[in-house]
Number of protein chains: 2
Amino acid sequence: MDIIDMKKMTQFNHLNLFSMGYRDRKGKEKSWIFASRCDEPCALNGKDPVPDAVVVVPFHWEKQRLVLIREFRVPLGGDQYGFPAGLVDKNEAVLGAAARELKEETGLTLVRTLRQSPPVYSSSGMTDESVSMVYAECQGEPSTDGNEDSEEIEVLMLSQKEARVLLETPGVKFDVKTWIVLSMFAELGRI
Amino acid sequence: MDIIDMKKMTQFNHLNLFSMGYRDRKGKEKSWIFASRCDEPCALNGKDPVPDAVVVVPFHWEKQRLVLIREFRVPLGGDQYGFPAGLVDKNEAVLGAAARELKEETGLTLVRTLRQSPPVYSSSGMTDESVSMVYAECQGEPSTDGNEDSEEIEVLMLSQKEARVLLETPGVKFDVKTWIVLSMFAELGRI
């Protein structure tokens with residue numbers, strides 16, 4: 001398969017649709033619509049990929065708790081349980097963004113990075129959005145004083161048992177990355 | 001925070017942008033652009049959420065291997081390592097879709113479901129897309145005879161050691177869910 005051309009189909013500020021022309025395995029020309037946060041979709045500009053966003057998996061070592069946030073998400077019209085996360089600013093280092101978002105959203109301080117992913121893709125059938133996963137130890141007391149006006153966040157510090165209970169609670173909406181890590185934590189007590 | 005209204009901004013077949021009007025914590029009216037696969041964004045139609053797609057985490061018990069696919073992804077303009085996945089057809093059961101996609105993409109047969117997530121969200125800052133994660137044991141020999149013309153897939157059956165090597169390989173593009181599960185598998189030899 002190969003790419004023939006690409007057209008930007010909308011002109012919004014933060015998110016747009018693109019149409020990619022491509023040839024399938026049999027040589028037939030087709031098109032594919034996808035969403036991108038980039039002016040030029042990142043994966044095709046030939047540069048080393050930089051993640052759009054960072055997702056922090058924070059473990060509070062002193063309290064032995066996994067940190068999650070419950071946050072109002074406009075596209076879902078309701079609350080979702082997820083990890084602290086946010087867009088990486090232009091020229092900002094990924095780990096700097098991780099520490100900043102963790103502090104803004106939870107009040108906690110990132111003290112040690114345990115592991116970090118390269119840019120990995122959120123849902124590559126519909127978007128080229130990529131994130132870097134940062135597993136980190138954190139310390140301090142939770143606070144939402146740093147939240148922006150468009151953020152409405154509750155910080156949760158979960159034991160292994162509380163993780164199990166949350167996973168079994170009907171009607172709770174989870175981010176997919178959070179559900180995967182939380183399921184492992186519920187079973188093993190570690191990240 | 002609360003939702004004021006929602007407008008469909010584009011008219012494509014499979015993916016569209018929507019603008020959601022909302023009030024922030026201070027009562028100020030704002031708008032948020034997001035992408036959705038649904039005609040009426042799923043999270044707001046008041047029905048029980050049905051996942052847009054299914055993602056299979058297949059473990060081949062007999063060979064003791066985690067199954068991944070390497071697949072050309074149009075929005076990335078190149079290959080990505082991920083799990084077998086696909087849209088759930090209308091009126092199709094989630095586990096039926098899981099078995100179907102696994103068979104089409106890898107030739108393998110789903111024999112036992114280990115665990116299944118509710119609909120969980122891919123990236124709720126930019127889309128209401130949801131998936132159901134299905135961890136399953138599978139059997140058989142890998143084959144790509146069932147691939148569609150728009151699919152170009154290689155099936156990988158990874159040992160714990162091979163998972164470690166793949167994670168360390170520079171330049172490899174991973175789906176985020178796959179990177180998280182593969183990292184745990186590389187460390188623990190299990191899913």
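Guide: Let us begin with a term: contact means heavy atoms within 4.5 Å. Please note also that this is a predicted model.

Visitor: Into which domains is chain A divided?

Guide: Chain A consists of domain 1 (2-45) and domain 2 (53-188). Taken over C-alpha atoms, the centres of these two domains of chain A are separated by 30 Å.

Visitor: How many residues of domain 1 of chain A are in contact with domain 2 of chain A?

Guide: In chain A, 8 residues of domain 1 are in contact with 6 residues of domain 2.

Visitor: How are two copies of a chain related?

Guide: In general, a rotation about an axis and a shift along it relate two copies of a chain. Here, chain B is superposed on chain A by a rotation of 180° with 0.0 Å of shift along its axis, the RMSD being 0.0 Å. The two copies are therefore related as by a two-fold rotation axis. The same surface serves both copies, since 100% of the contact residues of chain B recur in chain A.

Visitor: At roughly what angle do the axes of helix 3 of chain A and helix 3 of chain B cross?

Guide: Angles under 35 degrees count as roughly parallel. The axes of helix 3 (residues 176-188) of chain A and helix 3 (residues 176-188) of chain B cross at roughly 20° and come within 8 Å. Helix 3 of chain A is therefore roughly parallel to helix 3 of chain B. Among the residues making this contact are A:Ile180 and A:Met184 of chain A, and B:Ile180 and B:Met184 of chain B. By class, the contact of the two helices has 10 nonpolar, no polar and 2 charged residues.

Definitions and conventions
Residues numbered from 1 in each chain as written. Chains lettered and ligands numbered in written order. Predicted model: local features only at pLDDT ≥ 70, side-chain atom pairs only at ≥ 80, totals over all residues. Heavy atoms only, no water. Axes fitted to C-alpha atoms, helices over the stretch in contact; angles between N-to-C directions. Helix = DSSP H or I, 4+ residues; strand = E, 2+ residues; numbered from the N terminus. Parallel < 35°, antiparallel > 145°, perpendicular 65-115°, else oblique. Nonpolar A, V, L, I, M, F, W, Y, C, P; charged D, E, K, R; others polar. Least-squares fit on C-alpha atoms with pLDDT ≥ 70 in both. Domains from an automatic or database assignment.
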